[in-house]
Amino acid sequence: ATVGTIAELCVSAHLLQHGYAVFRAMSPACYCDLLAKRLDKVWEIEVRTSYQHNGRLYFPTKHHAAINCIALWDKETYIVHYLHPETLLPLTL
């Protein structure tokens with residue numbers, strides 16, 4: 001649970017640095033971990049901790065259908081990656 005909390009806080013800090021207002025779920029049963037808003041765009045984000053092996057990121061892929069972004073926090077490099085939940089292709093926020 002501690003690593004997941006660290007991931008959520010790191011993703012939140014990254015989004016704040018890029019001008020987003022960030023809201024964190026109070027319930028562990030919420031469908032998403034974070035809401036991020038800038039201008040008229042709202043991201044419903046599931047945060048996942050990832051790790052690298054042979055240059056590839058690995059992470060749990062199960063998520064709620066209502067989200068529109070997966071944020072991967074690489075626990076080795078501290079880099080945040082954003083992916084489209086259906087295609088797993090990179091997103092630009």
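R24 counts as partly exposed, at 40% relative accessibility. In this predicted model, R24 forms a salt bridge with E8, and the closest N and O atoms are 2.8 Å apart. E8 lies in helix α1 (residues 2-17) and R24 in strand β1 (residues 21-24), so the bridge ties together parts that are 16 residues apart in sequence. The points below cover the charged pairs, the helix and the aromatic side chains.

**Salt bridges**

- Two salt bridges turn up in a search of the whole structure.
- Side chains of opposite charge can pair when their charged atoms come close.

**Helix α1**

- The end C-alpha atoms of α1 are 23 Å apart, which agrees with the 22 Å that its 16 residues should span at 1.5 Å a residue.
- Buried positions in α1 are A7, E8, V11, S12 and L15.
- These residues cover an arc of only 135 degrees around the axis, so they sit on the same side of α1.
- An α-helix has 3.6 residues a turn, so residues three or four places apart point the same way.
- T2, L16 and Q17 are exposed on the other side of α1.
- The cover over the buried residues of α1 includes strands β1, β2 (34-38), β3 (41-53), β5 (69-74) and β6 (80-83).
- After α1 comes G19, which has a positive phi near 90 degrees.

**Aromatic side chains**

- One aromatic pair is present in the structure.
- The pair consists of W73 and Y78, and its geometry is tilted, with 5.7 Å centre to centre and 40 degrees between the planes.
- W73 is buried, with a relative accessible area of 4%, whereas Y78 is exposed, with a relative accessible area of 58%.
- The angle of 40 degrees makes the pair tilted because stacked planes are under 30 degrees apart and edge-to-face planes over 60.
- K41 lies over the face of W43, at 4.4 Å from the ring centre.

Terms used. Residues numbered from 1 in each chain as written. Predicted model: local features only at pLDDT ≥ 70, side-chain atom pairs only at ≥ 80, totals over all residues. Heavy atoms only, no water. Salt bridge = Lys/Arg side-chain N within 4 Å of Asp/Glu carboxyl O. Helix = DSSP H or I, 4+ residues; strand = E, 2+ residues; numbered from the N terminus. Buried < 20%, exposed > 50% of the residue type's maximum accessible area, 1.4 Å probe, protein only. Expected span 1.5 Å × (residues − 1). Arc of directions from axis to C-beta. Contact = heavy atoms within 4.5 Å. Phe/Tyr/Trp six-rings, centres within 6.5 Å; stacked < 30°, edge-to-face > 60°. Lys NZ or Arg CZ within 6 Å of the ring centre and 35° of its normal.
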